[in-house]
Amino acid sequence: MGQLVEGVWKDEWYDTGSSGGEFVRDTSKHRHWVTPDGSPGPTGEGGFKAESGRYHLYVSYACPWAHRALIFRALKGLADHIDISVVHPDMLWNGWEFRTDFDGATGDRLFGESYLYKLYLRADPKASGRVTVPVLWDRDTDRIVSNESADIIRMFNRAFDGVTGNTDDYWPEDLREGIEPLNDRIYDTVNNGVYKAGFATSQEAYDKAVHPLFDSLDWIEGILAGNRYLAGDRLTEADWRLFTTVARFDAVYHTHFKCNRRRIVDYPNLWAWARELYQMPGVTETVRPDHFTRHYYFSHDTVNPHRIIPIGPDADWTAPHGRG
Ligand SMILES: N[C@@H](CCC(=O)N[C@@H](CS)C(=O)NCC(=O)O)C(=O)O
């Protein structure tokens, strides 16, 4: 674990000392957009036209943010148009590595680099900041288009429709007003909430994160009692953004991040909703418990110093969901 400082890799854990023990997530630095015609998107520069074979996606099967991008790649029929490199689940003193000694870890298929930070340095030799997945890489310009999963899934949602012919829409205009507040609360208290609880280094910081997390899970359980999906009867990005955290919850966050007031299996509606999403075509293969259990328990030695990987719960994700 570390970060780049003016082109130099520094091995250091998150600094929670200056924030009262609270984990504060950095904002993503690369915010360009792929668009159908290469015109600029909501942020950054233009020049990134949607084309088959031009872009490469760097992911970890362990990471909930990268997982969003993998799911949208599957749902939107992009697998033949955007290829991927998968990092090794261990994220140690050199950050994410391109080792291949773990099932599914591919190495760096574009450049044969050893570490993800070297990819960031290819794009900018003087780069500073955290080196995170996912990364959407442009082969034509050797630049990072984006390292922000929330943006990448919106690009995947529409930008390549002319390439794939797939017009499924997970951010439909008429539901956006409802989706935004769901995303905001779920990001802050659930997606990032588990990290805030797990990386807290003071009781106060932990308490401040863990109560809103479970308040939100209770609130979501209520929504899913009356609705098939979060925003109503249509599946939207709000569901997928929540799903990647839920998929890791009982195996990892409940134990490793001390989010143990309840498990997902204790919420009947949320658990059935999670199984329904898990079972959708193309999605199941993106869920890799082998990668996420190994990653969290083994990489975070500040949280789990002996790196013992617990046995994990027995839960049947293939059981009928009954939400039809
Ligand atoms: N806001 C980013 C966050 C990505 C992120 O934090 N990824 C984690 C893995 S789960 C990472 O690569 N962390 C490395 C680090 O912080 O040094 C996004 O949603 O894409």
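Visitor: Which strands form the mixed open sheet, and in what order?

Guide: 4 strands form this open sheet, in the order E4-E3-E8-E9, and their pairing is mixed. The structure is a predicted model, in which local features need pLDDT of at least 70 and side-chain atom pairs count only at pLDDT 80 or more, while totals for chains, interfaces and linings use all residues. Residues are numbered from 1 along each chain as its sequence is written.

Visitor: Why are E4 and E9 said to stand at the edges?

Guide: Strand E4 (83-86) and strand E9 (143-146) each have a single partner strand, so one side of each has no neighbour in the sheet. On average, neighbouring strands here are turned by 35° against each other, direction ignored. Strands (E, at least two residues) and helices (H or I, at least four) are DSSP runs, numbered from the N terminus.

Visitor: What makes E8 and E9 a pair?

Guide: Two strands pair if DSSP finds at least two bridges between them. Strand E8 (residues 135-138) and E9 have 3 bridges, in the antiparallel sense, so they meet that requirement. At one of these places, Trp137 has Ile144 of E9 as its bridge partner.

Visitor: How do you know that E1 and E7 pair?

Guide: Strand E1 (residues 2-5) is joined to E7 by 2 bridges, and the two run antiparallel. Leu4 has Gly129 of E7 as its bridge partner. E1 belongs to an open antiparallel sheet of 3 strands in the order E2-E1-E7. Its edge strands are E2 (8-11) and E7 (129-130), each pairing on one side only.

Visitor: Why are H1 and H3 called roughly parallel?

Guide: The axes of H1 and H3 come within 9 Å and cross at roughly 5°. Axes are lines fitted to C-alpha atoms, for helices over the stretch in contact, and angles run from 0 to 180 degrees between N-to-C directions. Angles under 35 degrees count as roughly parallel, over 145 as roughly antiparallel, 65 to 115 as roughly perpendicular and the rest as oblique. H1 and H3 are therefore roughly parallel to each other.

Visitor: Which residues of H1 and H3 make the contact?

Guide: H1 brings Trp65, Ala66, Arg68, Ala69, Phe72 and Arg73, and H3 brings Ser149, Ile152, Ile153, Phe156 and Asn157. Contact here asks that C-beta atoms, placed from the backbone, lie within 7 Å. By class, there are 7 nonpolar, 2 polar and 2 charged residues. Ala, Val, Leu, Ile, Met, Phe, Trp, Tyr, Cys and Pro count as nonpolar, Asp, Glu, Lys and Arg as charged, and the others, Gly among them, as polar.

Visitor: What are H5 and H8 to each other, roughly parallel or roughly perpendicular?

Guide: The axes of helix H5 (residues 176-191) and helix H8 (residues 237-256) cross at roughly 10° and come within 9 Å. H5 and H8 are therefore roughly parallel to each other. Among the residues that meet are Ile179 and Leu182 in H5, and Arg241 and Leu242 in H8.

Visitor: Which residues are closest to the ligand?

Guide: Cys63, Trp65, Arg130, Thr132 and Ser149 are the closest of the 15 residues that surround the ligand. A residue is near a molecule or strand if its C-beta atom, placed from the backbone, lies within 6 Å of it. H1 and H3 each supply at least two residues of this shell.

Visitor: How many residues of domain 1 are in contact with domain 2?

Guide: 15 residues of domain 1 are in contact with 18 of domain 2. H1 gives the most to that side of domain 1, with 6 residues.

Conventions. Contact = placed C-beta atoms within 7 Å.
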